[in-house]
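Subject: Structure handover

Hello,

Here is the structure I promised to pass on. Please open it first, then read my notes below with it on screen.

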Amino acid sequence: MADSAQAQKLVYLVTGGCGFLGEHVVRMLLQREPRLGELRVFDRHLGPWLEELKTGPVRVTAIQGDVTQAHEVAAAVAGAHVVIHTAGLVDVFGRASPETIHEVNVQGTRNVIEACVQTGTRFLVYTSSMEVVGPNTKGHPFYRGNEDTPYEAVHSHPYPCSKALAEWLVLEANGRKVHGGLPLVTCALRPTGIYGEGHQIMRDFYRQGLRLGGWLFRAIPASVEHGRVYVGNVAWMHVLAARELEQRAALMGGQVYFCYDGSPYKSYEDFNMEFLGPCGLRLVGTRPLLPYWLLVFLAALNALLQWLLRPLVLYAPLLNPYTLAVANTTFTVSTDKAQRHFGYEPLFSWEDSRTRTILWVQAATGSAQ
Ligand SMILES: NC(=O)C1=CN([C@@H]2O[C@H](COP(=O)(O)OP(=O)(O)OC[C@H]3O[C@@H](n4cnc5c(N)ncnc54)[C@H](O)[C@@H]3O)[C@@H](O)[C@H]2O)C=CC1
Ligand SMILES: CC(C)CCC[C@@H](C)[C@H]1CC[C@H]2[C@@H]3[C@H](O)CC4=CC(=O)CC[C@]4(C)[C@H]3CC[C@]12C
């Protein structure tokens with residue numbers, strides 16, 4: 001990636017490249033990274049859509065593998081110039097055990113770092129999360145904060161705990177000598193709640209609304225702001241960060257960046273209605289229909305049922321004490337750090353992001369209202 005080798009074609013590896021965000025990163029690299037020579041897509045479950053990408057000018061290599069298996073990761077990383085590590089177990093519903101979440105998110109990240117060091121790969125971009133910061137267990141609001149805003153980050157849930165530890169490992173690895181003697185350069189990107197084409201929770205809300213005759217019922221006060229960012233812009237930020245890591249190693253190495261764009265500040269439910277409204281759903285109530293204490297009770301009941309039923313069946317509803325606390329605590333970011341450090345500007349306007357997401361919801365559910 002040196003000046004003298006401008007024409008050199010680069011090998012990129014995307015872990016988790018078949019997930020919601022990973023697929024967008026893969027497609028964005030193919031569209032927007034002119035120096036791409038080979039794209040390796042590593043995932044536990046490979047998507048059939050990868051086949052169509054193999055007919056293009058860039059060599060696309062699909063690798064079925066598990067980040068918890070160090071030898072599989074090392075084999076995939078060997079010879080790559082850049083790794084975008086987006087694979088992760090996203091579970092705040094109690095579907096997976098805390099041990100499994102730790103294994104995938106923490107040990108998996110450790111394996112990626114060690115593979116870079118052993119094989120001589122110098123550039124690593126990690127998909128972290130806003131959850132590394134908060135909302136914390138005390139429910140403190142984080143109102144339009146930036147990367148330097150003081151906030152008491154206290155976690156107890158396995159998912160944010162694992163993301164925080166993994167992010168720390170990535171940042172701490174910045175500057176380590178890789179095989180060949182050159183330093184590893186790392187950075188971490190922290191998306192807030194990602195939305196866009198492929199967002200399964202959005203589709204679940206839509207289906208639930210249809211089941212309820214086109215109505216959704218407000219659960220969270222409209223005044224609670226929840227940060228959201230469009231998946232295409234998150235992918236673009238990854239591509240740009242990966243591209244600029246070498247030239248701006250001193251500035252970017254070991255840094256964290258919130259992912260942001262022009263998406264409006266709204267509550268989780270009001271934001272979803274930007275897409276579900278045009279698909280025919282209505283949100284009932286200007287205020288929550290149930291008192292908060294009742295939601296807390298229902299969330300606790302769900303947690304109890306999950307525990308009681310675990311030997312028989314997996315009961316993992318959207319509402320639990322953790323998701324309620326996240327949805328009910330203001331957490332929004334306002335920053336320009338990525339713009340200052342590596343020239344990031346959102347690729348998709350809010351209007352574009354909204355239109356694309358609406359079209360996807362309509363198509364994904366077979367409704368064209
Ligand atoms: N969805 C969101 O709102 C946010 C997600 N993130 C982070 O973004 C990353 C991607 O998340 P999403 O695309 O939403 O999730 P996703 O579940 O759609 O994608 C994750 C991908 O990682 C793969 N994967 C999981 N375990 C693996 C393993 N052991 N080995 C190899 N591959 C494995 C999955 O098969 C999947 O394709 C994650 O690291 C997540 O923590 C961060 C902030 C917000
Ligand atoms: C009916 C309930 C009161 C509303 C439930 C909504 C929740 C399922 C979601 C509200 C906030 C979401 C989380 C947030 O966007 C931050 C996240 C970051 C990540 O890194 C992973 C996903 C998530 C934890 C996201 C998960 C769903 C919510 C809890």
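Start with two strands. Strand S5 (residues 123-127) and strand S7 (residues 185-190) pair in the parallel sense, and five bridges join them. To find the pairing on screen, look for Phe123, which stands opposite Val185 in S7. Keep in mind that this is a predicted model.

**The sheet**

Now zoom out from that pair. S5 and S7 belong to an open sheet of seven strands. The order is S3-S2-S1-S4-S5-S7-S11, and the pairing is parallel. Which strands stand at the edges? They are strand S3 (59-64) and strand S11 (255-258). Each has a single partner strand, so one side of each has no neighbour in the sheet. On average, neighbouring strands here are turned by 15° against each other, direction ignored. As background, strands of a sheet pair through backbone hydrogen bonds, either parallel or antiparallel.

**Ligand 1**

Next, select ligand 1. There are 25 residues around ligand 1, and Leu21, Asp43, Asp66, Tyr159 and Lys163 come nearest.

- The side chain of Asp43 has an N or O atom 2.6 Å from an oxygen atom of ligand 1.
- Thr86 uses a backbone N or O atom, 3.0 Å from an oxygen atom of ligand 1.
- Arg44 also uses a backbone N or O atom, which lies 3.3 Å from a nitrogen atom of ligand 1.

How much of ligand 1 does the protein cover? On its own, ligand 1 has 820 Å² of accessible area, and the protein covers 85% of that. Helix H1 (20-32), helix H5 (158-172) and strand S8 (193-195) each supply at least two residues of the shell. By class, the shell around ligand 1 holds ten nonpolar, eleven polar and four charged residues.

**Ligand 2**

Then move to ligand 2. Here 16 residues stand around the ligand, and Ser129, Glu131, Tyr159, Gly193 and His226 come nearest. Tyr159 is also listed among the nearest residues of ligand 1.

- Ser129 places a polar side-chain atom 2.7 Å from an oxygen atom of ligand 2.
- Tyr159 has a side-chain N or O atom 2.7 Å from an oxygen atom of ligand 2.
- His226 brings a polar side-chain atom to 2.9 Å from an oxygen atom of ligand 2.

The protein covers 89% of the 620 Å² of accessible area that ligand 2 has on its own. Which helix gives the most to this shell? Helix H11 (residues 321-327) does, with three residues. The shell around ligand 2 has eleven nonpolar, four polar and one charged residues.

**Two backbone details**

Most residues other than glycine have a negative phi, and most peptide bonds are trans. Look for two exceptions. The peptide bond from Gly134 to Pro135 is cis, with omega near 5°. Pro135 lies in the loop between S5 and strand S6 (142-145). Arg144, found in strand S6, has a positive phi, near 50°.

**What the record says**

The entry lists "domain: 3-beta hydroxysteroid dehydrogenase/isomerase" at residues 13-283. In the model, that stretch is 37% helix and 19% strand, and its end C-alpha atoms are 42 Å apart. UniProt also places a "transmembrane region" at residues 289-309 (unreviewed entry). In the model, residues 289-309 are 86% helix and 0% strand, with the end C-alpha atoms 28 Å apart.

Best wishes

Definitions and conventions:
Residues numbered from 1 in each chain as written. Chains lettered and ligands numbered in written order. Predicted model: local features only at pLDDT ≥ 70, side-chain atom pairs only at ≥ 80, totals over all residues. Heavy atoms only, no water. UniProt positions renumbered as here; feature names shortened; annotations may be inferred. Helix = DSSP H or I, 4+ residues; strand = E, 2+ residues; numbered from the N terminus. Near = heavy atom within 4 Å. Polar contact = N/O pair within 3.5 Å; in protein donor to acceptor, adjacent residues only side chain to side chain. Areas by Shrake-Rupley, 256 points an atom, 1.4 Å probe, with all protein chains shown as cover. Nonpolar A, V, L, I, M, F, W, Y, C, P; charged D, E, K, R; others polar. Pairing = 2+ DSSP bridges. Axes fitted to C-alpha atoms, helices over the stretch in contact; angles between N-to-C directions.
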